[in-house]
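Q: I would like to learn how to read the features of a structural model, going from single contacts to cores and sheets. Could we work through an example together?

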Amino acid sequence: MVGDTQTGDTENPWRTMLIGGLGGGGKAYYALDISRQTANTSGQKFSNMTEAQLANIPMWEFTSVQDSDLGYTYYEPSIDSITGRFNQIAKIASDTVATGVWRAILNNGYGSSGNNAVLFFLNTETGAVSTKLTATSSGSGDNGLSSPTPVDTDGDGLVDTVYAGDIRGRLHKFQFSKPDVSNTNYILAPSGDANGTWRYIGSVYESGKPITAAPVVTPACTGSSGWQVMFGTGKLNENSDFTNTDTNAFFSVLDGGTSSTLTVSSSSLAEITPTTSTVIAGTVRNWSTPNMSGKKGWKVNLGAGERVLSNPSLPPDTGAVLFGTAKPSGDLCVAGSSGYLMAVKVCSGDIGGIAVGEGVNRVIVGGYGVSASGILKVSNTYTDTKNKQTIVCNQPDCQRSIPPTITSTGSPAGRYSWRQILSR
C-alpha cells in the first residue's frame, strides 16, 4: 500500500511511502520512501540516483524479532471505495496531539508465537510501535488479526475507530475512547483529550468462521445510529483449505456504538439464502427481500466450500455492497476456482442490482457466476460513458465488451465528493 505522510522536515514536509508485507514468506513489514517516482527540480529520479541515494529508499523494517506477536503478514489493504486511497496509512487521534499523529495501522497476521489477534500502530517515519492492542478471542489453535479498516467516525479528518476480523471468526472493534460519566461504557474521545486512549472495545459479531479480508464500513441506515460493518468469512492459507466444504457467509452487522452491548447475536440478523438459475447471460443468483423488522443486519449464506477471500467494496450511488466469492477446485495442484460476483442492498438486504447480458437478454440479479483462474477479487467500480457503475474484477468475465454493471439508485444532490485540506 502507498500513502503520503508528513515528515516534520521543513524542507521536505511530505513524503510518499510504500508499506508491504511478506505474506506466507515471512513475518515482517517493510517501508520504502518512493517520493521520487518522477524527476525533482534537479531532474533526479530513481533511474539516475547514485547508490548512496538509493540506499536511503528503505525506511524501516518491523519483524517478529522485534515483537513475537507478529506472524506471517498476510493482508489485502483496505481501500476507500470512492477515492481509491489506501486507508491504513493515516493520521490518527492522539491523547497528546490534538491535530493527530501519522501512523501505519497494521494487523499482526497469522502463525505468531502467541496465536493472538493484535493491532499495531507504527510510527510512519521510524517503524517504532506506538500502540499495540490485543483483541480478546477465546478458543484454541491458530489465530491472528486480518486486514483492518480504519474509520473517521466524527468527521474531523483523523482515524478514531478500526474494525478487523480474525481467524477464529470474530469481528473486532478498536477505538480512541474514554469512559463515560457513569463509567459503564467507553465513548469516543476527541483527539488531544488526555483522558482518551486507544483501546480494544470488543467484538461486534462472532461468526465462528475465519475472517481473512478487511470489512467495509458505512454509516448506519435510516432509523439507526452507528455504523454498518460488512464482511465475509473463509480462508485459503493451508493445504487443507482447498478441500474444505464448510458453509461460509457474508454479513452486514450494525455497530450501534454502545460498548457494553456491542456484540450482535446471530438471531438479530435476517437470513438470506440465494437460489441459483441459468439464463442466457450465464448462472445467476437471486433471493426474496428479507424481513428486516427488528433486525440489526443480514447474513447471506453461501454454498458448501464457497468463501470470501478478498475485500468487498461500496459502489457509489448504488446503496449496495459488492463482493466476490470463490470455491477452490478442491485440488491444490490444479489452478482455478468458481465463484460469484455478489451485490446486496445494505439497508434492505435485497438483491444489489448486478446487470448482465445484452439487449432483451439483460437481467438484473443479486449474483453472477464467474469462472476464475485464481481467486476472484473485486475492485472499485468506475462510471462508464453511459453513467453506469461498471464492475471491475480480475477475471475475464468482467472484461467483456459489455461488462457487468451495478444499477444506480440516483446521484446524490449537491457536490459528489471533495478533498478538504485541514489545518491539522
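A: The model is predicted, so local features need pLDDT of at least 70 and side-chain atom pairs count only at pLDDT 80 or more, whereas totals for chains, interfaces and linings use all residues. Residues are numbered from 1 along each chain as its sequence is written, and side-chain values use heavy atoms, with hydrogens and water left out.

Q: What does the largest nonpolar core contain, and which residues have the most contacts inside it?

A: In soluble globular proteins, nonpolar side chains tend to be buried together. A nonpolar core is a set of buried Ala, Val, Leu, Ile, Met, Phe, Trp, Tyr and Cys residues joined through side-chain atoms within 4.5 Å, where buried means under 20% relative accessible area, exposed over 50% and partly exposed in between, for a 1.4 Å probe and protein chains only. Here the largest such core has 19 residues, and Phe 121, Val 162, Phe 174 and Trp 198 are those with the most contacts inside it. At least two residues come from each of several strands, including β6 (101-107), β7 (117-123) and β13 (197-206), with β7 giving the most, namely three; strands (E, at least two residues) and helices (H or I, at least four) are DSSP runs numbered from the N terminus. Apart from this core lies another, of 18 residues, among them Cys 221, Trp 287, Val 300 and Leu 302.

Q: How are the rings of Phe 121 and Trp 198 arranged?

A: Rings of Phe, Tyr and Trp (its six-membered ring) pair if their centres lie within 6.5 Å, and planes under 30 degrees apart count as stacked, over 60 as edge-to-face and the rest as tilted. The structure holds twelve aromatic pairs. For Phe 121 and Trp 198 the centres are 4.8 Å apart and the planes stand at 45 degrees, so this pair is tilted; the two residues, in β7 and β13, are 77 residues apart in the chain. Both Phe 121 and Trp 198 are buried, and together with Phe 176 they form one aromatic cluster. Tyr 205 and Phe 231 form another tilted pair, 6.4 Å centre to centre with 50 degrees between the planes. Tyr 205 lies in β13 and Phe 231 in β15 (residues 227-232), so this pair ties together parts that are 26 residues apart in sequence.

Q: In what order do the strands of the four-stranded open sheet run, and which of them stand at the edges?

A: Strands of a sheet pair through backbone hydrogen bonds, either parallel or antiparallel, and two strands are taken to pair if DSSP finds at least two bridges between them. In this sheet the order is β5-β6-β7-β8, with antiparallel pairing. β5 and β8 each have a single partner strand, so one side of each is left without a neighbour in the sheet. Four bridges join β5 and β6, and Ile 89 stands opposite Ala 104 in β6.

Q: What is the order in the open sheet of five strands?

A: The order is β25-β24-β29-β28-β27, again with antiparallel pairing, and the edge strands are β25 (363-365) and β27 (382-383). Within this sheet, β28 (residues 389-390) and β29 (residues 405-406) pair over two bridges, where Thr 390 has Thr 405 as its bridge partner.
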